[in-house]
Amino acid sequence: MGLIHFVLGLTVGSAYVEFIRENFTQLIARLAEHILITAQTVLIAVPIAVSLGILITYNDQAATAVLWLAGIAMTIPSLAAFGLLVPFLGIGSAPVIFTLVLYSQLPVIRNTYVGLTGVEEATKNAGRGLGMTRRQRLQRLQIPMALPIILAGVRNAVVIVVGVTAVGAYIGAGGLGEFIFEGIRQGDTVMIVVATVVVSVLALVVDYGIATVEQLLRLRNGEQIEQRVSTQVIRRAVQ
Amino acid sequence: MIEFENVTKVYPDGTKAIEEVSFTVEEGTTTVLVGPSGCGKTTSMKLVNRLEEPTEGTVYVDGVDNMAQDRIDLRRNIGYVIQEIGLFDHMTVGENIATVPELREWEQSRIDERVDELLELMDLPGNYRDQYPRELSGGQQQRIGVARALAADPDILLMDEPFGALDPITRDNLQDEFLEIQDRINTTILFVTHSIDEALKMGDQIAIFDVGEIVQYDTPTEILQNPKNEFVENFIGDNRTFKQLAITTVEEVMEPREERPPGDGDVISAATDGGDDYAIPADASLQVALTKLLGSEDPTLPVVRDGRVVGTVSERHVRSYFGPTEES
């Protein structure tokens, strides 16, 4: 029995290896497309969401409304959003990026808002008493202190974006989703599994990378935290 | 100089924090606002740098109505220390201290010099500059809080229960250190506390607040000797004499020694004969003096300053200072 399992495993394993070997260039190309869409989304989404997060600290009612709307945006199924946007933006990556920007709003706006408003009252009072204007308190105290929290929101958003980008292949955006849809059409399990694993690994790598930057920022802010291996390595390299 | 003229503050919800309050803090002196919580002492302090604004009346800062001054400039010209310390945890100690000079856009070299000066003034080692506040103890953090407030050399310093969150020993040390610093800087200080002992120790003048008004505004000695009413008496507590012993120096009650020509050997040897433990420093409190007298075989002890005998003190001197009423 053990032998059969081993041989079966080997054959299945070799099927994956073979697939990767045969489609290596294509896989890399699709991965690059995937990363490009993710990057474009982040570049557009983060400035919008951070600005909104800062603006709503001035008005509680606006904060409730904006956070509620951003929450609603996240509940729209991605396929429905693509379908609705194609008539306006055509097929390809544009409607996908538009949808992903919407999806990214909630985590980033929420973390920006929570990070800025969560700064201790004593800190803000000291800043006020020492003669900082509201703007200076924001620039010198609140934003630097909130930065790791904002980055945690970005990290959250990027993981969502990497996942949903795969669906974008359905309307011709490219990316690793192409393999998944192709695999479904051809009933090719190996193709689906390989593409899915690459998407997951990409998400994990990005997650880990941003988490490391987040830790570096926390350390820069004088926080005492348990450091990841990556954080330790970077700190040792810098010193 | 700070001057309150018939100042009333009513909050938007209708709460009257203070009513018709008037008092003056002379230049270079320390006035302590003391009273139970909710008496309006902190509100009064915040009226000075316009963290609150008066409903009626005027607060003069250096002779000018502070409502006519730019709010931000006013605050940058006034030092501010709070109980919660409120250091900026994401900045180093050096950056914290440099806050106001940075806001005022001083040149970097001048800022660096000033930070060094303040670290030295607060008796903190120079390598603290690059440390973060969270790495330091509460007492050290508040030393930095004070340094930050003094950074731009303000004429006025506001201190809102600055030592209130510290343990008793640290508090005592910081009070003593601050009294020394106070002698070296010519700053007008407004100090808020709920502790009468701290008020007696730190203040040149004390304003005792009851709900929304000043009940008595006097020197510590005057308040202890002539409390204006029952509220003040109760606030001081029943060990008034003991408290007075703590704030009166030996110099005030001793019998001064006759002036002798300088360089007289006899004077110097008298101070050194009995050793350091024998003589009492002129600036020691009567509590210290009495403790020494009670533990000494001699009924009279010499009082010294800078190694010279300047007078003598005995239990009789201490008693007579308090007058016949206190003798029974």
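Predicted model: local features only at pLDDT ≥ 70, side-chain atom pairs only at ≥ 80, totals over all residues.
1. One open sheet of chain B has four strands in the order E2-E1-E4-E5, and the pairing is antiparallel. At its edges stand E2 and strand E5 (64-65) of chain B; each has a single partner strand, so one side of each has no neighbour in the sheet.

2. Within this sheet, E1(B) is joined to strand E2 (residues 16-25) of chain B by six bridges, and the two run antiparallel. Val7(B) has Val21(B) in E2(B) as its bridge partner. E1(B) and E2(B) make a hairpin with five residues between them. In the turn, Gly14(B) has a positive phi of about 95°.

3. Strand E1 (residues 2-10) of chain B also pairs with strand E4 (residues 56-61) of chain B, in the antiparallel sense and over five bridges. Here Phe4(B) is found opposite Val59(B) in E4(B).

4. Helix H1 (residues 41-48) of chain B lies across E1, E2 and E4 of chain B. The angle at which H1 runs to E1(B) is about 120°.

5. A further open sheet of chain B has four strands in the order E11-E14-E13-E12, with mixed pairing.

6. Val304(B) has Val309(B) of E14(B) opposite. Helix H15 (residues 315-322) of chain B lies across E11 and E14 of chain B and runs at about 70° to E14(B).

7. On the contact between the chains: 22 residues of chain A touch 24 residues of chain B. The size of an interface is often given as the accessible area lost when the parts come together. For chain A and chain B the buried area is about 2,000 Å², with 59% of it on carbon and sulfur atoms.

8. Which polar links cross the interface of chain A and chain B? Seven residue pairs are in polar contact, both residues of each pair being at pLDDT 80 or more. There is one salt bridge across the interface. Its residues are Arg220(A) and Glu95(B), with the closest N and O atoms 4.0 Å apart. The salt-bridge cut-off is 4 Å, so a reader may wish to keep the 4.0 Å separation of Arg220(A) and Glu95(B) in view.

9. Three helices of chain A, namely H6 (121-129), H7 (134-168) and H9 (189-220), each supply at least two residues of the side that touches chain B. H6(A) gives the most, with seven residues. By class, this side of chain A has eight nonpolar, ten polar and four charged residues.

10. Over all chains the structure holds 21 salt bridges. One of them joins the side chains of Arg155(A) and Asp207(A), at 2.9 Å from N to O. Arg155(A) belongs to helix H7 of chain A and Asp207(A) to helix H9 of chain A, so the pair ties together parts 52 residues apart in sequence.

Note on methods:
Residues numbered from 1 in each chain as written. Chains lettered and ligands numbered in written order. Heavy atoms only, no water. Pairing = 2+ DSSP bridges. Contact = heavy atoms within 4.5 Å. Axes fitted to C-alpha atoms, helices over the stretch in contact; angles between N-to-C directions. Buried area = accessible area lost by both parts, 1.4 Å probe. Polar contact = N/O pair within 3.5 Å; in protein donor to acceptor, adjacent residues only side chain to side chain. Nonpolar A, V, L, I, M, F, W, Y, C, P; charged D, E, K, R; others polar.
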